[in-house]
Amino acid sequence: MEGAEMEEARVEDREHDHNNTQEDAQIEESEQKNKDAEVAPALVSVHPTQNSVAVAVGSDLRVFNLLDNCAVNLVDESGGASHNDSIRCIKYGTNGKLFVSAGDDKLFKVWSTDCWRCISTVVSEKRLSAVAISNDGLHVCFADKFGVVWVVDLAGFDGSEASLDKKAAPLLSHYCSIITSLEFSLDGRFIVSADRDSKIRVTVFPSKPLDGAHEIQSFCLGHTEFVSCLAFISSPDSPQGILVSGGGDSTVRLWDIISGSLLDTCEVGAKVGQVESDATEGNCSIITGICTILDCTLIAVAIQSLRGIMLLACNLPSRTLSVTKLVSIIGENFVPTSLGSSISGGLLWMVTGASKFRGPDISPCSRVKGISGFNKNSPDSSEQEPVVLADTELPGGVKLLEKLQGSMLIDEKVFLVAADAVKTAMCNLLNKKQYSDEKREFRKRTRNDKKKKQ
Amino acid sequence: MSQNKPNPTVNKSTGLPRKRFYRARAHSNPLSDSHFPVPLSPSHVDYSLHYPQLFPLADRTDTCKKIEFADVGCGFGGLLISLSTLFPETLMIGMELRDKVTEYVKERILGLRVANPGQYQNVSVVRTNSMKYIPNYFEKGQLSKMFFLFPDPHFKEKNHRRRVISPHLLDEYAYVLQVGGIIYTITDVEELGEWMKSCLQNHPMFEPLSETELEADPIVKLLNTATEEGQKVARNGGQTFQAVYRRITPAS
């Protein structure tokens with residue numbers, strides 16, 4: 001198409017007019033993309049022994065106490081809503097005593113799971129994209145969209161009601177790259193951070209984290225697009241665990257974090273394409289979430305546009321991944337935006353939904369479902385198939401759903417639109433913009449060394 | 001690479017590129033997303049592309065020689081060209097963000113290889129953003145020397161995070177440098193010199209070289225004289241500020 005060349009010629013003739021309209025169109029386009037990127041997916045996180053389940057939708061944090069079978073009222077000194085803007089990450093600590101939440105309002109909140117009181121709020125300069133809690137509960141970390149991982153030490157927190165006034169110290173940084181996931185290794189020796197530039201960095205978590213984590217153990221390089229999620233599988237040979245990662249390249253990969261070597265790659269996107277005949281156009285198989293179930297013997301994978309989850313098994317001696325099953329959710333338009341499970345439990349919790357987004361006035365919405373019946377011994381056998389639970393079969397039942405979903409009346413169409421909005425948002429946020437040579441030259445036209453000499 | 005048609009960008013007698021055809025502005029945005037290819041991992045770096053005479057086949061085994069010197073922000077290649085003959089057995093590479101300047105260095109190396117058969121086969125250049133992708137090019141502890149000569153000062157405080165030497169980036173440089181490896185920095189901007197020295201001093205994985213060690217190292221003298229930037233500073237009678245540090249194992 002000679003359109004680009006003709007455009008250049010026209011620009012030279014009537015510079016002012018054309019420059020303005022093209023610039024306006026470009027600015028509008030990028031503004032809309034920025035707005036689209038602001039749609040936040042609904043998130044779910046499960047207490048390590050399933051004492052409670054938390055769901056974050058937009059700025060709303062909702063928790064249901066499964067032990068006492070009642071909704072939780074969060075206690076926060078700020079009064080009103082805890083978060084003022086979309087929550088982007090939530091997580092329970094492995095010892096079950098702490099919960100953290102953070103997001104677009106640049107606030108990082110630490111909660112005690114006993115009394116569900118916010119014990120600390122840290123203000124960040126940038127929006128936050130990932131959180132993690134050390135296994136011993138002494139440190140909490142959060143990462144911002146500029147690539148810096150911060151650490152807060154919780155020494156002095158003994159479960160008492162007192163709030164802590166804490167400052168965060170920079171721990172490490174991925175140069176100007178959005179950090180998409182943060183995880184501690186199973187033995188707590190390492191902290192793993194994944195970014196938008198396809199890199200996974202494994203850093204030694206020092207004894208004095210406030211001085212920074214300077215010793216890099218390894219880089220796990222191999223993803224060809226952004227890395228979207230991380231999880232650890234326990235293994236008798238490695239106390240630190242085996243790292244599992246999912247990415248924008250539609251693969252799930254296994255890594256040895258000590259050496260950084262890639263153990264196995266599972267082309268999940270391709271497998272989905274084989275099974276689902278009405279599968280999506282091209283590259284819409286971004287891995288959106290991974291969750292280990294049944295004491296880490298199985299891995300559940302959520303994929304964009306897949307109405308269900310993919311189950312993978314890790315063969316420990318050979319350290320390879322294999323697809324065992326595709327569990328579809330039938331009868332409902334449900335594309336999970338987040339997965340969660342207790343550590344040893346056999347129930348996979350899923351949520352779909354999004355924060356407020358353009359289109360008809362749709363307020364933040366979420367739908368929660370669960371799958372159980374996983375058989376770790378022979379995941380292939382037809383004796384016990386994983387089953388999507390009906391609403392009443394979920395622990396907490398209707399009461400839980402009312403709290404976590406906000407309502408029992410669900411308009412299914414809403415969730416399809418929501419899933420789509422989330423998909424666009426993730427692509428805009430994490431995919432790198434590719435410009436053709438002409439477009440790139442056009443974008444540089446106002447630079448002094450590019451202006452045509454008079 | 002013989003040229004039949006006269007190529008104005010190349011000097012006919014020396015076979016070397018003429019700088020005026022490779023004029024580029026001094027700055028390139030280190031924050032912009034890359035549109036140049038980045039190797040998936042250090043084992044994907046194509047040595048046969050960079051060092052064709054030494055690596056005729058694309059396959060490389062673990063026992064093969066690896067790049068040991070990296071000139072980060074190599075500019076027009078002055079230091080690398082000097083080092084190439086000083087250390088003929090060592091593989092070295094320059095990393096530069098600006099594409100025109102990278103092209104110049106490429107042509108310069110090719111011209112030198114033709115004019116001096118057997119020499120300059122151990123030096124190459126790659127266009128890349130070393131602040132994001134150093135781990136993609138080098139394995140842990142691969143390098144024995146890293147050079148940061150006259151880096152962009154980024155004067156404004158809000159731009160300090162774009163500086164190529166920073167507390168966070170030193171983690172990555174410490175990762176690719178072997179224990180005992182040396183990092184050389186020099187600048188003619190006093191504030192930047194202070195900054196770089198303090199970043200290195202405060203980092204647990206670097207210690208300064210002693211005066212005697214600096215005297216004994218032939219490369220330290222080259223820092224001032226080998227590069228175009230350094231020669232310009234000398235011409236103008238300016239002062240330079242250097243910080244040379246050694247990678248150590250952190251005290252636990």
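In the predicted model, B:L149 stands opposite B:I186 of strand 5 in chain B. The two strands concerned are strand 4 (residues 143-149) and strand 5 (residues 177-187) of chain B, which pair in the parallel sense over six bridges. Both belong to an open sheet of seven strands in chain B, with the order 3-2-1-4-5-7-6. Pairing in this sheet is mixed. Its edge strands are strand 3 (123-127) and strand 6 (206-208) of chain B. Each of these pairs on one side only. On average, neighbouring strands of the sheet are turned by 20° against each other, direction ignored.

Two helices of chain B pack on this sheet. Helix 5 (residues 167-176) of chain B touches strand 4, strand 5, strand 6 and strand 7 (241-247). The direction of helix 5 makes about 130° with that of strand 5 of chain B. Helix 8 (residues 218-225) of chain B touches strand 4, strand 5 and strand 7. Here the angle to the direction of strand 5 of chain B is about 30°.

Chain A contains an open sheet of four strands, in the order 25-26-27-28, with antiparallel pairing. Strand 25 (338-340) and strand 28 (387-388) of chain A stand at the edges. Each has a single partner strand, so one side of each is left without a neighbour in the sheet. Strand 26 (residues 348-354) and strand 27 (residues 365-372) of chain A pair in the antiparallel sense over seven bridges. Within this pair, A:A354 stands opposite A:C365 of strand 27.

Helices also pack on the sheet of chain A. Helix 4 (residues 397-405) of chain A touches strand 26 and strand 27, and its direction makes about 140° with that of strand 27 of chain A. Helix 5 (residues 412-430) of chain A likewise touches strand 26 and strand 27. The direction of this helix makes about 85° with that of strand 26 of chain A.

The two chains meet through 27 residues of chain A and 27 residues of chain B. Between them, chain A and chain B bury about 2300 Å², 56% of it on carbon and sulfur atoms. On the chain A side, A:Y175, A:H214 and A:L221 lose the most area to chain B. Together they account for 31% of what that side buries.

A search of the whole structure finds two cavities of 30 Å³ or more.

Notes. Residues are numbered from 1 along each chain as its sequence is written. Chains are lettered from A and ligands numbered from 1 in the order in which they are written. This is a predicted model: local features need pLDDT of at least 70, side-chain atom pairs count only at pLDDT 80 or more; totals for chains, interfaces and linings use all residues. Side-chain values use heavy atoms; hydrogens and water are left out. On a 1 Å grid over the protein atoms alone, a cavity is a set of points where a 1.4 Å probe fits but cannot get out, and a pocket is an open set with protein on both sides within 12 Å along at least five of seven lines; lining residues have an atom within 4 Å of a point. Grid points are joined across faces, edges and corners, and a volume is the space filled by probe spheres set on the points. Two strands pair if DSSP finds at least two bridges between them. Axes are lines fitted to C-alpha atoms, for helices over the stretch in contact, and angles run from 0 to 180 degrees between N-to-C directions. Contact means heavy atoms within 4.5 Å. Buried area is the accessible area (1.4 Å probe) that two parts lose on being put together, summed over both.
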